[in-house]
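Subject: Two-chain model, handover and notes

Hello,

Please find the structure below. My notes follow it.

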Amino acid sequence: MNSRRDFIKQGFAVGAAFSLADLSGFFSREASAQTAADSQLLAGPDGKPYLVAVRDGDRKAMLDRAIEALGGIGAFVKRGQTVVLKPNIGWDVPPELGANTHPDIVGRLTELCLAAGAASVSVFDHTCDNWEKAYANSGIKAAVEHAGGKMIPGNDETYYREVTINGSDKLSKLKVHQLILDSDVWVNIPVLKHHGGATMSSAMKNHMGIIWDRGYWHKNDLDQCIADFIRHNRAPALNITDAYHPMMRNGPRGKSADDLIPNVRTLLASRDQVAIDAAGAKILGHTEDGINYVKIAAATNLGRCDLSNLQIERIRIS
Amino acid sequence: MKRPNTLRHIRITLATLVIISVSAAFLDYRDWLPAASKHTLTMIQFVPAALTVSAAALLILIVSALLGRVYCSVLCPLGILQDVISRLANLLRRKKLFLRHRQPDNKLRHAILAAVIISVALGWGGFTLAWLDPYSNFGRIAAELLRPPVIFTNNLLATLSKHLGSAAVPRVGIPWAGLAVFLPPLLIGALIVTMSAWRGRLYCNTLCPVGALLGLLAKFSLFKLAIDKSACKKCGDCLRSCKSQCINLKDGGIDFTRCVACYNCVSVCDEHGIKYRFQNPLNFFRAKKTAADTQPNADRRNFILATVTGSVAAGTGVNLSGGKFINAVLPPGAQSREQFLGKCTACQLCISACPSHVLEPSFLEYASLSGFMKPRLNLNKSFCNFNCTVCGEVCPDAAILPLAEEAKKTTRIGIAVFDHKECIIYRDGTACGACAEHCPTAALQIAKTNLFKDPLPVVSEQYCIGCGACQYACPALPKKAILISGLKKQETAGVLKQEKVKAADDEFPF
């Protein structure tokens, strides 16, 4: 059993390596062989993998590999576009506590977007703790500004504009941060964590940091609201989940580094926020539809949580 | 011929620096200044220094006993503010105001001083000083009256910068205090403006207990400003320049107990007739004896008046609540309601410096007149940031003791009390967990209980520090399902110990 699993994995790894090396022209037979094997599986809209999972590298290297596997940053960011990155910066805690997205990932992605010719890269979160302290203590402010991006506040209602969500169960009108509405591209960069209220916090839950009135969601069926929000017509172009050391308990704030699974060292990337959360759920030991809002969202057919039917590229660095 | 007056220039330079920096400490709405600097700027004020028995208080007393009330002109922000107001008022006048010599209001100022001293001795200084400390009065004027318009201006700039497509100026919430708390600084501010615009330093020589105390020391100063009678031509220039109305040209004397050492008279005297001169303090006692024989005993009258006032003040501080809990939540490091209300002078520095804006001036939440205008946590508005220790770092009165970050994290200021009947999870049967989401100590967990089919918030009291993040986050309305009960006496909370989370398989789990 192990050997078969290993064989398949090696196959993927080899395939991945070839596709990354951009030598597909020379190895067309191998490349097409892989395509044939995956033909039953759903690929992304551009024929690239539906979901990419990278393991065991440093965060920047894993991000680079994941983006490459999805066709490079140019597939998401065109020259002259304005980009907004939405990491989780909810808490006034340092990076090693795993409550916020790691600054290395946000900083590196800022660099990549600017290198792709982005007109500007803005970063914000509607934080839970004091926003200036959270921006600073998370290390994200320093990383983003070093890379040439801008930190934008999310602490005041005047930054938010009303939008309408069509066809949703609980959400009709709500206020969304203007950067999300006005930027050409937005990238969702959550960190994977246990969550006392919603069981798990990752890509879909991270949307609670782009809206103004979170209390409304908590009051009106949190899981349903999280799921409903995937109907918002400004969906992220890409979701990148920081699962380097996911928080296993006491989330989403966390109490100490003891709350983190030490050796996951994974980064996930997908255009589909439902699929990336299904994968996150598996990492935290749930079933792929074990998180209520993931299950509700998948039932709308706006996202997938049936991982076995999706084309997943698994990359192991080192 | 006017010679450059060094003393006056030094006074003006120092006073300008002091009022700018102390104002900055109160108006700093983005936490740009380090907390330690705010503490240093304010702990050298006389009342905070005296309450904490610091060397600064001794130094101020020594300087007063040497040179008179230098403190009142150089260090006291309320005094400097009055100079600014008188000066502005004179700029608006066509003809400069001419203040004649005025008899001292000794009964009044000594009665106030005695009342304050007695009340402090009785442990009710927290009430009297909160109203009469000049530094704290300045703090309230800065924090309640000047800060909101400053932030409002910032927000206008923010709107402007937003229209220009820049996010360089972030908006800041404007901390309007309730009307009841807003009124005292407004009324006292109006009083100060009126008195200083028309009568210079009259406030400092009638109502201010610090002015009265330092005035008593100035009476015995080794060096006093005095008029050289042989040089004096009685031109009245010094009189015109005196804001304390303490120069009497008829007998050629300066009432040094009211002089605030501004040195204006020194600089205007063309004859250089006003200078510091050594005075043998023993002379005073010799002269006093003869005067006392012919006058009614003012000291005894003052003492009786002061005792009455002091007792009234003390009576207003009666503790009205019992038990372990109180309605107000004290800032971490305040130790206990009694010690806190006894020491805090309601200067509002902690309220201005609190990065979470959770501190607010109280009205009657402490169930004591001593608690009026003093900080408490408004946990519906915000919550106490877990790793923040700013209020204790800035407090110049040691009413809130500075806590090390680790000590702060286990300082219990209240306890979360959960009412499942109001909880969204129980009421609506849907997920929420906003409270658990915010809990920094993991004292609050969503766990299975026998109250309901789904897991509900459960508070392990031994780990709860009462920071109020849960109360703030609770979306239940009209009544929140989780509320902090303030502790009368702060405690040390336990720390939840958990095993390290185990490593996972080194495989992709999907």
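Into which domains is chain B divided? Chain B has domain 1 (6-315) and domain 2 (325-492), with bounds that come from an automatic or database domain assignment.

Some conventions first. This is a predicted model, in which local features need pLDDT of at least 70, side-chain atom pairs count only at pLDDT 80 or more, and totals for chains, interfaces and linings use all residues. Residues are numbered from 1 along each chain as its sequence is written, while chains are lettered from A and ligands numbered from 1 in the order in which they are written.

Confidence

The model scores ipTM 0.85 and pTM 0.88. Chain B averages a pLDDT of 90, and 92% of its residues score at least 70; pLDDT is the predictor's confidence in each residue, from 0 to 100. Over residues 290-296 of chain B the pLDDT stays under 50, and the model has zero contacts there beyond four places in sequence. Two residues are in contact if their C-beta atoms, placed from the backbone, lie within 7 Å. Residues 314-321 of chain B are also below 50, but this stretch has 15 contacts in the model beyond near neighbours in sequence. Where pLDDT is low, the predicted coordinates should not be read in detail.

Chain B and its domains

Chain B has 22 helices and 11 strands. Helices (H or I, at least four residues) and strands (E, at least two) are DSSP runs, numbered from the N terminus. The C-alpha atoms of chain B fill a box of roughly 100 × 60 × 40 Å along the principal axes. Of the 510 residues of chain B, 48% count as buried. A residue is buried if 20 or more other C-beta atoms lie within 10 Å of its own, exposed if 12 or fewer, and partly exposed in between, with C-beta atoms placed from the backbone.

The centres of domain 1 of chain B and domain 2 of chain B, taken over C-alpha atoms, are separated by 37 Å. Between them, 36 residues of domain 1 of chain B are in contact with 27 residues of domain 2 of chain B. On the side of domain 1 of chain B that touches domain 2 of chain B, α9(B) gives the most, with seven residues. The residues of that side divide into 19 nonpolar, 11 polar and six charged. Here Ala, Val, Leu, Ile, Met, Phe, Trp, Tyr, Cys and Pro count as nonpolar, Asp, Glu, Lys and Arg as charged, and the others, Gly among them, as polar.

Core

The largest nonpolar core has 237 residues, of which L51(A), A66(A) and C350(B) touch the most other members. Such a core is a set of buried Ala, Val, Leu, Ile, Met, Phe, Trp, Tyr and Cys residues joined through C-beta atoms within 7 Å. Helix α7 (residues 106-122) of chain B gives the most to this core, with eight residues. Leaving out residues up to four places away in sequence, A66(A) touches V52(A), V54(A), I240(A), L267(A) and A269(A).

The 17 residues of α7(B) reach 24 Å from first C-alpha to last, close to the 24 Å expected at 1.5 Å a residue; the expected span is 1.5 Å times one less than the number of residues. Among the buried residues of α7(B) are R109(B), H110(B) and I112(B). Just after α7(B), G123(B) takes a positive phi of about 90 degrees.

Chain A and the interface

Chain A comes to 11 helices and 12 strands, and 58% of its 318 residues count as buried. The contact between the chains takes 43 residues from chain A and 34 residues from chain B. By class, the side of chain A that touches chain B has 16 nonpolar, 10 polar and 17 charged residues.

Backbone points

Most residues other than glycine have a negative phi, and most peptide bonds are trans. T199(A), in strand β9 (residues 199-201) of chain A, has a positive phi of about 75 degrees although it is not a glycine. T199(A) counts as buried because it has 21 C-beta neighbours inside 10 Å. N301(A) also has a positive phi, of about 65 degrees, but counts as exposed, with 8 C-beta neighbours inside 10 Å.

The peptide bond from G251(A) to P252(A) is cis, with omega near 10 degrees. The bond from L477(B) to P478(B) is cis too, with omega near 5 degrees.

Regards
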